[in-house]
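Hi,

Here's the structure I promised to pass along.

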Amino acid sequence: MGGSYFLRNHWYIAAHGFELVGKKPVKRTICDEAVVIFRGEDNNIGILSDRCPHRFAPLSTGEVCGNDIQCGYHGIRFNRDGDCTHIPGNLEVPHGFRARRYPAVERHGFVWMWMGEKEADPSLIPDFRENSDPGWAPVPGYLNIACNYQIMVDNILDLTHVVFVHKTTLAGGGVTDTPLEVKVEGDSVKAQRVMMNVDTAPIYRAARGLNGKIDRWQIFESLPPCYVKIVLGAREAGATTPLGEPVHMVLNGFTPESEKRHHYFWSTTRPWALGDKKVDELYKGMIDLAFNEDKEIVEEQQKFIDADPENSHFTNFAFDRAGQSARRILRRLIDEEQAADKKLEAAE
Ligand code: FES
Ligand SMILES: [Fe+2]
């Protein structure tokens, strides 16, 4: 597919905000581009191509200097707009000598990066406020996964797999025999599964002391190109807590690193037990374990996809509908973007 596997004119999560501390920059590859991400003393974020325009050493081998990044090889500095601000020996900056810059915004505790040529539009950043709102307790995490990001979007939009993959954490009664209700609204896929009077799940036993039968809900919203917001909840079977009220949410961002590898940024967040380290640890432990189980299986899937000489198609069942709809929407958006690019090229 080369080049056509992601939407260029959109925001991708490049880092958790907390990764950028002190003088140390973060080196990362986002959508095939090697970049350096850094936080200046003024607290603002810069993202530049990691390739220093002097002799092509990685800027990320250097350090933050004031609000600029200083290359680790010969000490040349660049500000977050990519302008060269200092050459050792105070040599004059040659015309056009600069580093490539990418628009960057820190919002909801994540660093967002714009990949496209069009003007960056901050209104397209998904609403992940529960990761930074003081009324919520976020427990964030990160995994680097060796598969195409859409395979993980499929995974998260089909929680049927929890019963088979996450036996000690998220599995529970009712999941496989309750159909997933799916509807498409604009470019977003909304799906839900509400399960009444079913066996509890280990996570609810441990975190909430729900040992008997429960009513349980999973509500999904996917937003292109690679975001899924999930509301999860449970109550004692028949209790009066309104169905759909979040007990916790999982915010998911799957940023392509390349066509066959991605960065999984996640945050599980809850509006209760704020500041309770024990509950934080419980969620962190269970979710880390569960997502590593996902990683193991999807990486194997990618290997079989790569090894298939016939490029066979997946087979889809009812519980694949949400993922399938999300794929269809993204395919259309990428095709539209490419058609618009071609038109522009032809006009030039
Ligand atoms: S390669 Fe970066 S300063 Fe020389
Ligand atoms: Fe999973």
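Let me start with the domain contact: 11 residues of domain 1 touch 12 residues of domain 2. Keep in mind that this is a predicted model. On the domain 1 side of that contact, strands β1 (11-16) and β2 (26-30) each contribute at least two residues. Sorted by class, the side of domain 1 that touches domain 2 is made up of six nonpolar, four polar and one charged residues.

For orientation, domain 1 covers 11-124 and domain 2 covers 129-334. Going by C-alpha atoms, the centres of the two domains are 32 Å apart.

The other thing I looked at is a helix pair. How do α1 and α4 pack? Helix α1 (residues 149-157) sits against helix α4 (residues 277-307) at an angle of about 130°, and their axes are 10 Å apart. The crossing of α1 past α4 is right-handed.

Which residues meet there? From α1 you have Ile151, Met152 and Asn155, and from α4 the partners are Asp294, Val298, Gln301 and Gln302. By class, that contact of α1 with α4 comes to three nonpolar, three polar and one charged residues.

That's what I have so far.

Cheers

Definitions and conventions. Residues numbered from 1 in each chain as written. Chains lettered and ligands numbered in written order. Predicted model: local features only at pLDDT ≥ 70, side-chain atom pairs only at ≥ 80, totals over all residues. Axes fitted to C-alpha atoms, helices over the stretch in contact; angles between N-to-C directions. Helix = DSSP H or I, 4+ residues; strand = E, 2+ residues; numbered from the N terminus. Left-handed = near helix turned anticlockwise from the far one by under 90°. Contact = placed C-beta atoms within 7 Å. Nonpolar A, V, L, I, M, F, W, Y, C, P; charged D, E, K, R; others polar. Domains from an automatic or database assignment.
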